[in-house]
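I opened this model to look up how its parts sit against one another. My notes follow in the order I took them.

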Amino acid sequence: MENLPAIERTIEAIVAAKQSLPGALLPILHEIQDGLGYIPSESVPRIAKALNLSRAEVHGVITYYQHFRQIPPGRHVLRVCCAEACQAVGGEALAEHARLRLQGSDLTLEPVYCLGLCACGPALQIDETTLHARVTPQKFDALVDALEVDP
Amino acid sequence: MNAYVKACGETDFGTPQKVPEGTQSAGAGGLCMSGTPLRGQATAILEIDGVSVTVPAGTSLMRAAAEAGVMVPRLCATDSLEAFGSCRLCLVEIEGRRGFPASCTTPAEAGMKVRTQSPQLAKLRRNVMELYISDHPLDCLTCSANGNCELQTMAGVVGLRDVRYGMTGVNHFTDSVTDDSNPYFSFDPGKCIVCNRCVRACEEQQGTFALTISGRGFESRVAAGQSESFMNSECVSCGACVNVCPTATLMEKTVIDKGQAEHSVITTCAYCGVGCGFRAEMQGSDVVRMVPWKDGRANEGHACVKGRFAWGYATHPDRVTKPMIRAKITDPWCEVSWEEALRHTASEFRRIQAKHGRNSIGGIVSSRCTNEEGYLVQKLVRAAFGNNNVDTCARVCHSPTGYGLKQTLGESAGTQTFKSVEKSDVIVVIGANPSDGHPVFASRLKRRVREGAQLIVIDPREIDLVNSPHIKAAHHLKLKPGTNVAVLSAMAHVIVTEGLLDEDFIAERCEDKAFADWREFVVRPTNSPEALEGASGVPAAEVRGAARLYARAGNGAIYYGLGVTEHSQGSTAVIAIANLAMATGNVGREGVGVNPLRGQNNVQGSCDMGSFPHELPGYRHVSDTLTRELFERDWGVVIQPEPGLRIPNMLDAALDGSFLGLYCQGEDPAQSDPNTTHVTAALAAMECVVVQDLFLNETAKYAHVFLPGASFLEKDGTFTNAERRISRVRRVMTPLTGMADWEVTMALSKALGYEMHYAHPSEIMDEIGRLTPTFAGVNYEKLDAAGSLQWPCNDDAPEGTPTMHVGQFVRGKGRFLITQYVPTDEKITRRFPLLLTTGRVLSQYNVGAQTRRTANADFYGADLLEIHPHDAEERGIRDGDRVGVESRVGSTTLPVSITERVQPGVVYTTFHFPESGANVVTTDNSDWATNCPEYKVTAVQVSRLVGA
Ligand code: SF4
Ligand code: SF4
Ligand code: SF4
Ligand code: FES
Ligand code: FES
């Protein structure tokens, strides 16, 4: 919280730059999340006011999309695919394994619905940068071990 | 009883009525006014379960079926909201089409053959119901909605017998806790079926958008604000979501406490001038809840936190129920019988008159009282007191409206119905704050703005309409307090000089000479926006933009409030508004007009009823011999031809020693009138002050006789709202005091030797109709049959008059009048550098005597002084500090709220709490024509309290 003014400045700048776009809400939310890693609840009144929306409406949109986070993410974000093809090859078990493995960790686990690797699931994405196919619990643990030692 | 007819006897048709093209603008969720002629509409004839029905094209199959007497099961549809199509219970079969379309979202087409029942439909519906019930607690017997639950009803209707997914009786939101933060209703998410009705009601009907569905899929749930408590959210507690909730999820706490009602009575809200119709749901003589009445024309099923929930004051322990007298105002009160109280009052009044003359006593009647009570008080004064010293608190709010509109248009009343706004293209709101003061009208207005109408706000302060969810004013003319006339004249200047006049309308309908004079006046360069910019503080370009927008609107409507009238130029501003409407041809049809938003429930009525020293009922001057003779014959007395004293004159005369007795019904001048010190000194100088009220109010501190009053729940009568609509008030409980106010006035009259004979208020209305041409067609039978009537209602307009001045003005030709801007005498000086202006908030009502005695205090517990950050900083004031406010007549202290809603140099406060003493600082400046006090402008200094 010590850099709240900086966060506020970022939000302010994003809202000001984008508020007159048609359908400005999603672009604003994306940019805030891209910039800050999440959408702070304090930004909601500011966005609502600028777009003539209620706080509830903005909140409804944020919670509707899995993509948007309301709390800051951990050092890394791991997304386990929970869509049909991956479910059929053990995706659910992987997700449950991941949940237990990451309890108390500073890494964030999120569900995702299809990563385009349906032919070789279960699929996992790390930080929107790397994709991993055929992820077994053992493979998952190895990846996590690497992330945990990696600063 | 049919399962679709709620306990209250109202049918839910499922989806809103489709209004045929060319008859009525179909506002989202708008209900049609019956009696509107159906012209040239496209209709569809179709067959539903073998019954042929004719409906306007576009009507939903569900509604068409309901009109044919066939009810289709439904959960997510209700006729106050647009169809949503989410529950899939309302499926039907259409011959020649595949599948099972949802009847709520499928429009009726000519020639369709629809089946609402078949074995397959029954199975589908049962399956849907099974899924709902598998995720719903099964504690029906102990549930607060038991007996009035649509989920329960529908389970019965579809014949649910078994739930294959188990009936564990839990909802998957096992972690949910009931939100009891709102004082009036609770939210128990464990019972929610996520039908979305509440969210849609908050959006479509109320226009607040406080609710949403958070999450998606199975995790979808209703959330207030950002998933916070209702109290912390944007919710304004209107109750619309509670009305539409089909389950016990959103439920009035009074129903949870007491259970469902066993009978109900239709009545009218006693708070603001919107005059909402309510169904008082009762158990015996105990009110269980007040539900907005769908057939109430003023509100069409909507309400606000005051009328809907804040009625508990009627049985508050502070109610005084026994008459009391005392010899001196320093003595303690002594309870006496009604006979003694009235005998004492009569003998005091007669003694004073014997010693100081006939004109030494008078009466004041509140605009909160019924028409019948108002009528009786003026009759008492004119017939039994023998003078014309009668006045009403409308003096302190809307007397300039009466004067200004009478002078220009010919009738002292607003020109439209509230529903008319649904046809407006440009809406001007000036000196009014509808979302706080007239919330149910504000909801209509906002709906129209969401449909695309443009909004112009003229107000010193940034009211909610300037910028709130889905509402943005095209122009906000943020003028300095006291400069309405400057801005309105400048708008007129633009309209004339830029060729925006409606010349045909003016030539046909207005006086030539008056128009020519006015035109010559407004075109003067001194009236240009540029010349007046310095005075008003509004940039000339904004004024020009607003004037053009209004003048070019197909339908331009003006709504105004006390921010127009409570000024030294209040009447001038009302005239300027009427001028603008005439100049642009915006009078005499739907969607246009000049509309005063009346503060109290019966401001219009008390003015109509002759509660003025110069006017008999129906705005007829006492000097008019024919009118006087009419009343004299009926009443068997002689009526004085000279106007009597206005409230300020009564007070001045009291200090001179020539006015010593006052009968004050439902009024509290010691709190509500300006310059409190002057008022209380005057009251203290009188020998017999009689106060009739529910509570010992501020004025009662100076009273010698206290006559306990009856609340609107305890009496019969009528109220007339801001649209001239006369609606019935019906007694639901016996008066706690034994007598309704009209009976007390009658008894006092008898004690004074002038007997009146009425067995029921309906007989008073009969007399009003007999003596007042605009009311000639009004009587209780007709009101009961029609629900309500808008005067004039007589042989020319037997069903009443929704829109006035159609074809021609009431006075014949409309009269333009010159509106020279004259700055108020109340000027800022070095000593008093800020201008104080006043207003009100949603949850509190006027002096707050009622609302303060309800849980509405949870929403707004103290008056606040709003100040701009610059002015606060200059004075070293922080948010929340208590500050001193001083004017040239008095001083008080208030907590501060720092906000940019107000402009630099202006401070703002409400006047709901007596301890704030807002009127201790307001001056006795007043409107030149009517003496309406200038509450809206007082020069003050604000300073930090030492030691604070
Ligand atoms: S009470 Fe009114 S404002 Fe509050 S959530 Fe319900 S509908 Fe919206
Ligand atoms: S709270 Fe009531 S109205 Fe709202 S979604 Fe739940 S059941 Fe429907
Ligand atoms: S206070 Fe006014 S808006 Fe609210 S319910 Fe009563 S009449 Fe309607
Ligand atoms: S289903 Fe998992 S990647 Fe497509
Ligand atoms: S009532 Fe038609 S889908 Fe719910």
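**Domains of chain A.** I looked up the domain assignment of chain A, which gives domain 1 (6–64) and domain 2 (76–149). I then took the centres over C-alpha atoms: domain 1 of chain A and domain 2 of chain A are 29 Å apart. I note here that the model is predicted.

**Chain A against chain B.** I listed the contacts next and found 16 residues of chain A touching 24 residues of chain B. I read the area buried between chain A and chain B as about 1,500 Å², with 43% of it from carbon and sulfur atoms. Which three residues supply more than any others of the area that chain A buries against chain B? I found A:Asn52, A:Arg55 and A:His59, which together supply 40% of that area.

Between chain A and chain B I counted two salt bridges. One of them joins A:Arg55 to B:Glu228, and its closest N and O atoms are 2.6 Å apart. The rule for polar contacts gives 15 residue pairs across the interface of chain A and chain B, both residues being at pLDDT 80 or more.

I then asked which elements of chain A give two or more residues to the side that touches chain B. They are helix H3 (43–50) and helix H4 (55–64). H4(A) gives the most, with seven residues. By class, I sorted this side of chain A into six nonpolar, seven polar and three charged residues.

**Ligand 1.** I listed the shell and found residues of chain B including B:Phe185, B:Cys202, B:Leu211, B:Phe230, B:Cys235, B:Cys238 and B:Cys241. I counted nine nonpolar and two polar residues around ligand 1, and no charged ones.

**Ligand 2.** I found 13 residues around ligand 2, the closest being B:Cys192, B:Cys195, B:Asn196, B:Cys198 and B:Cys245. The shell of ligand 2 holds nine nonpolar residues, three polar and one charged.

**Ligand 3.** Around ligand 3 I noted, among others, B:Cys269, B:Cys272, B:Cys276, B:Cys304, B:Lys306 and B:Pro439. Which helices of chain B give two or more residues to this shell? I found helix H7 (305–309) and helix H12 (439–450). By class, the shell of ligand 3 comes to nine nonpolar, two polar and one charged.

Note on methods. Residues are numbered from 1 along each chain as its sequence is written. Chains are lettered from A and ligands numbered from 1 in the order in which they are written. This is a predicted model: local features need pLDDT of at least 70, side-chain atom pairs count only at pLDDT 80 or more; totals for chains, interfaces and linings use all residues. Side-chain values use heavy atoms; hydrogens and water are left out. A residue is near a molecule or strand if one of its heavy atoms lies within 4 Å of it. Ala, Val, Leu, Ile, Met, Phe, Trp, Tyr, Cys and Pro count as nonpolar, Asp, Glu, Lys and Arg as charged, and the others, Gly among them, as polar. Domain bounds come from an automatic or database domain assignment. Contact means heavy atoms within 4.5 Å. Buried area is the accessible area (1.4 Å probe) that two parts lose on being put together, summed over both. A salt bridge is a side-chain nitrogen of Lys or Arg within 4 Å of a carboxyl oxygen of Asp or Glu. A polar contact is a pair of N or O atoms within 3.5 Å; within protein, one must be able to donate a hydrogen and the other to accept it, and residues adjacent in sequence count only if both atoms are side-chain atoms. Helices (H or I, at least four residues) and strands (E, at least two) are DSSP runs, numbered from the N terminus.
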